[in-house]
Amino acid sequence: MKLMNKAALITGAGAGIGRAISMLFAKEGAKIGVIDSIPEAGLQTVQLIENINGIAKFIQADVSNTRDVEKAVNSIAAEYGSLDILVNNAGVCFVGPIAELTEEQWDVTIDVNLKGTFLCSKYAAPHLKKNGVGVIINMSSGLGLYGGACWSAYCASKGGIIALTKALAVEFAPDNIRVNCILPGAVATDMLLRNTTMQAKIAGLSGPEEINELMKKIIPLRRIATPEDMAFGALYLASDESSYVTGIELSIDGGYLAT
Amino acid sequence: MRLLDKVAIVTGAASGIGRAIAVGFAKEGAHVSIGDINLEGAESVADEIEMLGRRAIVVKTNVAEASDVKRLIDITIAEFEEINIIVNNAAMVGEPPLTCQEISEDTWDQVLAVNLKGVLLCSQYAVKEMIRLSRGGKIINISSISGEVYIGIAPNYHVSKAGIIMLTKAMAIEFAKYNINVNAIGPGLIESPATKPLLDIPECREFAKNAIPLHRVGQPEDVVGPALFLASKDSDFVTGQTIFVDGGFLYSHPTVPTNYYP
């Protein structure tokens, strides 16, 4: 097992990619701090982990709220006696033309996706330092590198995460905390379904299935990713196999960014 | 005029982007030395430049041949006494088949020799003169969006254009102490003899237009502005960069259907 006895705090762990990472890390021996803003979602992930004899504890937190984050990080570290891995996965997305994007939607996107990554890293770092080895994994996106029409706030937040990843990688390097980010492409999650439904509406297409078919045509590996595809990348970055890797963007996108 | 009485070498200036840059530089006051294998085309560009009241010479040059390149530099110095700017534009696509599985060793070598080694050779010989005269200089390499992403042109072509981006950085660092700026331009899809076969297919033209956010195929003149910037004193603190001139293509992977840009 690659993460035996490691304590991992995973935000947005109640669904999609966050849940897949939680499950895989638990299978690899890690004790999971399941963080989500929605209790039913987070508790369901805990149940799924316990079903495979894993160890997990749920803490409700809004990652954009300082007090929530401080409390969540400290109680998970106290529960497991240490904190070794932080996965900043919680994210939101509003799809729409900039003329229709409200200031509140912009603020929420930047607060959750970008400030949430900052806050969790800030409060987790003192714990991550303690054992002389720590890992932070941030979820950016291919959309942090290239523009997508109608994705402005999301693009801005994800581009910021790439830069923040590099800044933290350099700052935390003396403490042997490695900081890397993952750039998922299209991943089959509830969030993707919500986004493509909106996209289809904007583009005047029949529905999300039509967008999916179009995406498959432009992704070299010809399929939409599964959340597990992302989890295996996160496992690599969390494990000792990547002990000399810091500050990178790992694209898991079926070859899309190569085109 | 931004390049008054500057001496510029432009390789591959007989047509397309090279031609537009050569004429564009002349309009801003530069004298131009054209190195090309296509003498007929080069002569007509030289005539066009002389009509503008600037001087132009043509030297038959295969940029992959060191002796040809040396001759281009020697004749340019003999005629104009200095070299201020060199635009490494000469390039070729190569013969099909163009897949990694089928490409012949000869085609691989030929394209790398012209597109990549040509840039090195021309820069090597031009830099000697720039250093000798101690007046700095500007080297502009023509790369391509295909040096950044794979769009299925041909592996050797993509590799050569990617190589130019790195060679630009290497030369920028090495030549900095001589006050020689080295930058690259990465054109996207530009209307030229090289892209004519593709753009003559209506479906291809339509597809390309839809994939480019500015919704048109570029013209050779679109590349002139960035080239002028990199050739002029406006860019004196810029070195090692690649400027993409592609209508927004490179950083705009279609996340909504390609026919939809608001």
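The axes of helix α4 and helix α5 (residues 155-175) of chain B approach within 9 Å and cross at roughly 20°. The model is a predicted one. Angles under 35 degrees count as roughly parallel, and α4(B) and α5(B) are therefore roughly parallel to each other. Their crossing is right-handed. By class, the contact of α4(B) with α5(B) holds 14 nonpolar, six polar and no charged residues.

The α4(B) side of this contact includes Thr107(B), Trp108(B), Val111(B), Leu112(B) and Asn115(B). Leu116(B), Val119(B), Leu120(B), Ser123(B) and Val127(B) also belong to the α4(B) side. From α5(B), the partners include Pro155(B), Asn156(B), Tyr157(B), Val159(B) and Ser160(B). Gly163(B), Ile164(B), Leu167(B), Met171(B) and Phe175(B) are also among the α5(B) partners.

**Other helix pairs in chain B**

Helix α4 (residues 105-133) of chain B also packs against helix α3 (residues 66-80) of chain B. The angle is about 30°, and the axes lie 9 Å apart. α3(B) and α4(B) are therefore roughly parallel to each other. They cross in a right-handed sense. The residues contributed by α3(B) are Ala66(B), Val69(B), Lys70(B), Ile73(B) and Ile77(B). They meet Leu121(B), Cys122(B), Tyr125(B), Ala126(B), Glu129(B) and Arg132(B) of α4(B). The contact of α3(B) with α4(B) has eight nonpolar, no polar and three charged residues.

Lys70(B) sits in helix α3 of chain B. Its relative accessibility is 41%, so Lys70(B) counts as partly exposed. Lys70(B) and Gln124(B) are 54 residues apart in sequence, yet their C-alpha atoms are 9.4 Å apart in space.

A further pair is α1(B) with helix α2 (residues 39-51) of chain B. They pack at about 20°, with axes 9 Å apart. α1(B) and α2(B) are therefore roughly parallel to each other. This crossing, too, is right-handed. Arg19(B), Ala22(B), Val23(B) and Ala26(B) of α1(B) make the contact with Ser44(B), Val45(B), Glu48(B) and Ile49(B) of α2(B). By class, the contact of α1(B) with α2(B) divides into five nonpolar, one polar and two charged residues.

| Helix pair | Axis angle | Axis separation |
|---|---|---|
| α4(B) and α5(B) | roughly 20° | within 9 Å |
| α3(B) and α4(B) | about 30° | 9 Å |
| α1(B) and α2(B) | about 20° | 9 Å |

Ala14(B) lies in the loop between β1 and α1 (16-27) of chain B. Its relative accessibility is 5%, so Ala14(B) counts as buried. Ala14(B) and Ala42(B) are 28 residues apart along the chain, but their C-alpha atoms are separated by 4.1 Å. Beyond four places in sequence, Ala14(B) touches Arg19(B), Asp36(B), Asn38(B), Gly41(B), Ala42(B) and Val45(B). Two of these residues, Arg19(B) and Val45(B), also take part in the contact between α1(B) and α2(B).

**Helix α1 of chain A**

Helix α1 (residues 16-27) of chain A has twelve residues, which at 1.5 Å a residue should span 16 Å. The end C-alpha atoms are 17 Å apart, which agrees. Ten of the twelve residues of α1(A) are buried, so the helix is largely enclosed by the rest of the structure. Among the buried residues are Ile17(A), Gly18(A), Arg19(A), Ala20(A) and Ile21(A). Ser22(A), Met23(A), Leu24(A), Phe25(A) and Ala26(A) are buried too. Gly29(A) follows α1(A) and has a positive phi, near 100°.

Gly18(A) belongs to helix α1 of chain A. With a relative accessible area of 0%, Gly18(A) is buried. Leaving aside neighbours within four places in sequence, Gly18(A) is in contact with Ile10(A), Gly12(A), Ala13(A) and Asn89(A). Gly18(A) and Met230(A) are 212 residues apart in sequence and 9.2 Å apart in space, C-alpha to C-alpha.

Asp5(B) is not a glycine, yet it has a positive phi of about 60°. Asp5(B) lies in the segment before β1 (7-11) of chain B. At a relative accessible area of 43%, Asp5(B) is partly exposed.

Ser134(B) is not a glycine either, and has a positive phi of about 55°. Ser134(B) lies in the loop between α4 and β5 (137-142) of chain B. Ser134(B) is exposed, with a relative accessible area of 62%.

Terms used
Residues are numbered from 1 along each chain as its sequence is written. Chains are lettered from A and ligands numbered from 1 in the order in which they are written. This is a predicted model: local features need pLDDT of at least 70, side-chain atom pairs count only at pLDDT 80 or more; totals for chains, interfaces and linings use all residues. Side-chain values use heavy atoms; hydrogens and water are left out. Axes are lines fitted to C-alpha atoms, for helices over the stretch in contact, and angles run from 0 to 180 degrees between N-to-C directions. Helices (H or I, at least four residues) and strands (E, at least two) are DSSP runs, numbered from the N terminus. Angles under 35 degrees count as roughly parallel, over 145 as roughly antiparallel, 65 to 115 as roughly perpendicular and the rest as oblique. A crossing is left-handed if the near helix is turned anticlockwise from the far one by less than a right angle, and right-handed if clockwise. Contact means heavy atoms within 4.5 Å. Ala, Val, Leu, Ile, Met, Phe, Trp, Tyr, Cys and Pro count as nonpolar, Asp, Glu, Lys and Arg as charged, and the others, Gly among them, as polar. The expected span of a helix is 1.5 Å times one less than its number of residues. Buried means under 20% relative accessible area, exposed over 50%, partly exposed in between (1.4 Å probe, protein chains only).
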